[in-house]
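Please keep the sequence and the model at hand while reading.

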Amino acid sequence: MSRGPSLVSVKLLAAHNTSLVAVQAAPRSRSTAGYKSLPYQYPKHHDDYQKQGKQDQNQGRHTAAYIRGQKDELMQSVRGPQPDSALDSFYKDMAALCSRPESCIDHMHLNAIIGATAKAWRTSWAQSAGQKQKQAHHQMHAFLTEMFQRLQPLLPDVEARQAANILWSSAQLGLNPDALVPGMTDSWARQFMVDMDVATGQGFANVLVACAKLQLSPCQGQLFKAILNRLAIADLSNFEPQHVSNTLHSLATIPAAAPSVEVLDALCQRFDILLKRHQTAEFPNAQSIANTMWALSKLKYAPSDELAMSMVGRMVALCGLPGHHPTPQEISNCLLACAELRLLVNQAITDSLASFLLSSNGWQATPQAYANTAWSLAVTGHLRSAQFTSLLDQMLALSGTPGDMSTTPFLTTIELGQLYQALDWLQPAPTSPAQQQAAWSSLEGKLQRLGPRPAPPKPPVHGNRKLCAALDQLQLPFKATVFTQSYWLDAVLQPQDNKSQPVMLRLFSPDYITNIPGRAFIL
């Protein structure tokens with residue numbers, strides 16, 4: 001006959017059953033609230049921490065999938081008739097999601113929520129107007145303040161990529177993070193610097209674009225110093241064309257950045273490799289090339305002749321490739337860089353670019369693009385009377401009110417100055433045939449319909465005291481600092497007889513291209 005369980009066995013069994021009851025007593029799953037919720041489950045509590053960690057990971061993946069689904073729905077809704085309502089629903093849903101402990105919200109989820117807000121906001125802003133925009137601004141600020149506050153205790157986990165993305169999203173929203181949570185901008189900058197060794201080209205570009213757009217100088221300029229030191233020695237093989245152009249463009253618009261020649265050398269070498277590697281229909285596209293050339297001109301850095309010819313040559317090739325045509329602004333930026341950096345481009349290239357800009361290609365040029373083009377062609381010595389005539393005709397048609405200067409000026413003073421300088425470059429010699437004189441007078445008449453010749457600008461600040469002292473010592477009669485047509489002259493030598501022509505003297509600007517000593521930067 002078998003015996004019953006011993007007293008010790010009964011106690012052990014009772015203890016085991018109690019443990020089982022404790023496990024079974026865990027709460028059951030339930031769904032979250034929201035305008036299109038995905039099912040969520042509360043994590044069950046076990047003594048096995050490894051199993052709990054796996055459940056948290058699974059829950060985190062469910063949360064990430066839910067955020068992606070809500071983002072996709074939001075992007076469709078903000079294109080509808082009530083974008084503000086769609087954003088408000090998204091804010092409420094995401095705030096509720098973050099408040100539930102079972103959601104396992106981490107820094108990556110919050111990064112995705114902030115990124116979705118930035119992307120949807122840009123779309124919805126075009127749909128809203130007036131009072132609704134003010135209310136939408138207030139709601140967006142309140143929501144992002146909550147998200148940033150939730151991110152604060154998670155800062156040590158934020159990697160360079162997430163820090164760069166949050167700064168970029170803030171820039172897209174036109175919002176300095178410090179305006180919502182003091183100290184947040186420096187916090188993101190420090191996280192980026194800590195993890196900068198693994199940052200990608202996209203990360204560097206995003207951080208610099210954000211600083212340029214918001215005119216930030218995080219950590220008292222230490223962020224720029226760290227980035228530039230890194231770029232000078234880093235392997236830039238993960239930089240794509242847009243990363244290079246965005247980085248250069250941002251460096252050109254951040255006064256505190258001041259990149260060294262070594263940094264610009266490295267970025268240009270990478271862009272040169274990308275130009276040689278890709279086919280014409282691939283990147284770098286016209287925008288990347290135009291932005292790169294514009295940035296180099298503002299940074300007063302002349303690329304190598306080989307790289308310069310590759311960039312303008314690719315731009316010409318894109319003019320003949322449907323679907324990849326450059327815009328008039330991109331063409332004018334390219335020509336402006338050629339003029340300001342005194343790049344050795346031949347007339348066939350500048351003619352091709354100017355002809356495409358002046359042709360009917362579906363893009364409408366701006367007054368600035370026309371003025372930059374005319375001035376650039378004149379400075380490079382490639383401006384033709386026929387080109388200038390076509391350009392003025394198009395500008396007159398675009399202005400809509402030729403000869404009527406009572407309305408808001410069609411051209412700025414700078415743009416008019418550029419056009420009159422181009423006109424002066426075309427002026428024929430006094431001994432030229434009457435037909436050429438009449439043609440030039442006709443051009444002058446067209447330009448005057450767009451606006452009068454601007455008043456003389458302020459005299460140049462570089463000074464000409466040494467030149468004037470030398471002329472005094474030589475006992476030569478002269479006039480100092482003379483304005484003639486569109487130019488300031490440092491001195492004009494007066495003829496000692498009544499037959500000779502005056503000699504005009506103009507010094508080069510002391511503002512030189514940084515990487516080529518002796519080459520003056522044309523202002």
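The sections below turn from the basis of the model to the overall fold and then to individual salt bridges.

## Basis of the model

The model is predicted, so that local features need pLDDT of at least 70 and side-chain atom pairs count only at pLDDT 80 or more, while totals for chains, interfaces and linings use all residues. Residues are numbered from 1 along each chain as its sequence is written, and side-chain values use heavy atoms, with hydrogens and water left out.

## Overall fold

The protein has 20 helices and five strands, where helices (H or I, at least four residues) and strands (E, at least two) are DSSP runs numbered from the N terminus. Of its 523 residues, 44% count as buried; buried means under 20% relative accessible area, exposed means over 50%, and partly exposed lies in between (1.4 Å probe, protein chains only).

Taking contacts (heavy atoms within 4.5 Å) between residues at least 6 apart in sequence, 69% join residues at least 24 apart. The protein exposes about 27,400 Å², of which carbon and sulfur atoms supply 54%, with accessible areas taken from the Shrake-Rupley method with a 1.4 Å probe and, for residues, only the protein chains shown counting as cover.

Across the whole structure, a search finds ten salt bridges, each defined as a side-chain nitrogen of Lys or Arg within 4 Å of a carboxyl oxygen of Asp or Glu. One of them pairs R100 with E102, whose closest N and O atoms are 3.8 Å apart; R100 is buried at 15% relative accessibility, and E102 is buried at 7%.

Another joins K276 to D272, with 3.4 Å from N to O. These two residues are four apart in helix α11 (residues 261–277), and K276 and D272 are therefore separated by about one helical turn. K276 is exposed, with a relative accessible area of 54%, whereas D272 is buried, with 12%. The pair also belongs to a network of salt bridges that links D272, K276 and E306.

## A salt bridge between two helices

Which residue forms a salt bridge with D393? The partner is K446, and the closest N and O atoms are 2.8 Å apart. Because D393 lies in helix α17 (residues 385–399) and K446 in helix α19 (residues 434–450), the pair ties together parts that are 53 residues apart in sequence. D393 is partly exposed, with a relative accessible area of 35%, while K446 counts as buried at 19% relative accessibility.
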